[in-house]
Amino acid sequence: MSNWPGKYVIGLTGNIATGKSAVRRMLEHLGALGIDADALSHRAIAKGAPGYQKVIDAFGKWIVDSDGEIDRAKLGRLVFNDTEALQQLELIVHPLLNKLWI
């Protein structure tokens with residue numbers, strides 16, 4: 001159910017490289033408001049963001065690069081090869097993203 005009467009909420013999901021971003025851009029071209037959850041997820045764990053220290057606490061300092069940012073390539077290799085690690089990351093990031101829609 002939409003929080004915006006008379007408006008539709010469309011969620012685009014799918015595997016990597018299935019065209020989600022292309023479809024989002026097409027809908028935006030038609031006047032839709034687009035939200036890129038991947039980009040917001042990256043911001044949620046950026047240095048100084050609410051999820052930053054939680055990710056380091058969960059996975060260790062080895063995940064931090066020389067600039068003090070979370071190395072998303074390292075984190076990705078970990079979570080996409082370990083379902084428990086992925087679930088742990090989702091428990092950190094998803095509540096932060098959910099705050100944006102409420």
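A salt bridge, as I use the term, is a side-chain nitrogen of Lys or Arg within 4 Å of a carboxyl oxygen of Asp or Glu. I searched the whole structure for them and found 2.

**Ground rules**

I note that this is a predicted model, so I take local features only at pLDDT of at least 70 and side-chain atom pairs only at pLDDT 80 or more, while totals for chains, interfaces and linings use all residues. I number residues from 1 along each chain as its sequence is written, and side-chain values use heavy atoms, with hydrogens and water left out.

**Confidence**

I looked up pLDDT, the predictor's confidence in each residue, from 0 to 100. The protein averages 90. I see that 95% of the residues score at least 70. Next I went through the elements: helices (H or I, at least four residues) and strands (E, at least two) are DSSP runs, numbered from the N terminus. Among the elements, α3 has the highest mean pLDDT, 97. The lowest mean, 89, belongs to α2.

**The salt bridges**

Which side chain meets R24 in a salt bridge at 3.2 Å? I found E28, with the distance taken from N to O. Both residues sit in helix α1 (residues 20–29). They are 4 residues apart, about one turn of the helix. I recall the general rule: an α-helix has 3.6 residues a turn, so residues three or four places apart point the same way.

The other pair I noted is D36 and R24, at 3.4 Å, N to O. This pair links distant parts of the chain. D36 lies in the loop between α1 and α2 (37–44), R24 in helix α1, and 12 residues separate them. Together, R24, E28 and D36 form a network of salt bridges.

I then checked accessibility. Buried means under 20% relative accessible area, exposed over 50%, partly exposed in between (1.4 Å probe, protein chains only). E28 counts as partly exposed because its relative accessibility is 30%. D36 is partly exposed too, with a relative accessible area of 30%.

I also listed what R24 touches. Contact means heavy atoms within 4.5 Å. Leaving aside neighbours within four places in sequence, R24 is in contact with L12, G34, I35 and D36.

L27 is in helix α1. At 29% relative accessibility, L27 counts as partly exposed. Beyond four places in sequence, L27 touches I10 and A32. I also took the C-alpha to C-alpha distance from L27 to G6: 17 Å in space, for 21 residues in sequence.

I moved on to S41, in helix α2. Is S41 buried or exposed? S41 counts as buried, because its relative accessibility is 18%. Not counting residues up to four places away, S41 touches V93 and L97.

**The core**

I looked for a nonpolar core, a set of buried Ala, Val, Leu, Ile, Met, Phe, Trp, Tyr and Cys residues joined through side-chain atoms within 4.5 Å. The largest has 14 residues. Those with the most contacts inside this core are I45, V55, F59, I70, L75, L89 and V93. With 5 residues, α5 gives the most.

**Helix α4**

Which residues of α4 are buried? I found L75, G76 and V79. Seen down the axis of α4, they fall within an arc of 100 degrees, so they line one face of the helix. The arc is that of the directions from the helix axis to the C-beta atoms.

I checked the start of α4 as well. There, a side-chain oxygen of D71 reaches to within 3.0 Å of the backbone nitrogen of A73.

**W62**

My last stop was W62, in the loop between α3 and α4. W62 is partly exposed, with a relative accessible area of 43%. Setting aside residues up to four places away, W62 touches K74 and L78. I noted that the backbone oxygen of F59 lies 2.6 Å from a polar atom of the W62 side chain. W62 and A44 are 18 residues apart in sequence and 19 Å apart in space, C-alpha to C-alpha.

How values were computed
Polar contact = N/O pair within 3.5 Å; in protein donor to acceptor, adjacent residues only side chain to side chain.
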